[in-house]
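Here are some notes to read alongside the model. Please keep the sequence and the 3D view open while going through the points.

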Amino acid sequence: MIKARAARISMGVLALMLCIFLSGADQADEEITLHNEINTPYYYRMLLSYAPDQQTVERQYGKPDIVRKEQDYTYEIRKMPDGSELITFYTSNSGHLMDQWRLSRLPERSEFEALIPEVTLAQDIKQIDPYFQLIADQTDETGTSEHRLRDSGLATIKYRHADGRWIMDSIQYMDQDPSGFVSKLRAEDRAEFWSS
């Protein structure tokens, strides 16, 4: 009883923290309206206190087209109406959502290296990765987006908000995406997203 109450209080505190951190998550300029923005940066996802299960995801998106059961996790692939695919990872023991990412292809690092800080707009980045989610900070003056790469790396873009637009401020790379998204996919599924 005490443990259950403590867990509820802990979840409430985490939910409050998430509301504070993500208060500007929907604050994007008119040009960058993205449908089904679910590609949330990794460290923000770690703050989430609620992880839906497979049944919840199925109610939202329908039955998966492909199910892959691995030793430590399961993932599902759903074909979306616009030709993109939604990949959802679950824990093998509880069936709770671990990760979810929507994509039509995996971009290469060189595509991001061609972007010019202080010139490139968030709208331009949609040409490379149309499903990213820009998370604004509490002030709505700066923001972040993440982009998973073909080589299993990660590109993190920082933005500043000026004149009603999100402008790329800087970009950083990690050689290994901490979520392990690309490396967790079976080879035949990775190959689906390597075509340009």
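1. A residue is called buried when its relative accessible area is under 20%, exposed when that area is over 50%, and partly exposed in between, using a 1.4 Å probe and protein chains only. By this rule Tyr-73 and Tyr-75 are buried.

2. This is a predicted model, in which local features need pLDDT of at least 70 and side-chain atom pairs count only at pLDDT 80 or more, while totals for chains, interfaces and linings use all residues. Residues are numbered from 1 along each chain as its sequence is written, and side-chain values use heavy atoms, with hydrogens and water left out.

3. Now the aromatic rings. Rings of Phe, Tyr and Trp (its six-membered ring) pair if their centres lie within 6.5 Å; planes under 30 degrees apart count as stacked, over 60 as edge-to-face, and the rest as tilted. The structure holds four aromatic pairs. One of them joins Tyr-73 and Tyr-75, which are stacked at 6.4 Å centre to centre with 25° between the planes. Tyr-75 and Phe-89 have ring centres 5.1 Å apart and planes at 35°, so this pair is tilted.

4. Tyr-75 lies in strand 2 (residues 73–79) and Phe-89 in strand 3, so the pair ties together parts that are 14 residues apart in sequence. Tyr-73, Tyr-75, Phe-89 and Phe-181 form one aromatic cluster.

5. A charge sits over a ring if NZ of Lys or CZ of Arg is within 6 Å of the ring centre and within 35 degrees of the ring normal. Lys-184 has its charged end over the ring of Tyr-73, 5.6 Å from the centre. The charged end of Arg-148 is over the ring of Trp-101, 4.0 Å from its centre.

6. Trp-101 also has a place in a strand pairing, where Ile-87 stands opposite Trp-101 in strand 4. Two strands pair if DSSP finds at least two bridges between them. Strand 3 (residues 85–91) pairs with strand 4 in the antiparallel sense over six bridges. The two strands form a hairpin with five residues between them, and Gly-95 in the turn has a positive phi of about 75°. In strand 4 (residues 97–103), six of the seven residues are buried.

7. Elsewhere, four strands form an open antiparallel sheet in the order 5-6-7-8. Strand 5 (135–136) and strand 8 stand at the edges with a single partner strand each, so one side of each is left without a neighbour in the sheet. Strands 7 and 8 pair over nine antiparallel bridges.

8. A nonpolar core is a set of buried Ala, Val, Leu, Ile, Met, Phe, Trp, Tyr and Cys residues joined through side-chain atoms within 4.5 Å. The largest such core has 14 residues, including Phe-112, Leu-115 and Ile-157. Helix 5 (122–125), strand 7 (154–162) and strand 8 (165–174) each supply at least two of its residues, and strand 7 gives the most, with three. A second, separate core of twelve residues includes Tyr-73, Phe-89, Leu-103 and Leu-185.

9. Finally, Thr-156 is found in strand 7. Is Thr-156 buried or exposed? Thr-156 is buried, with a relative accessible area of 15%.
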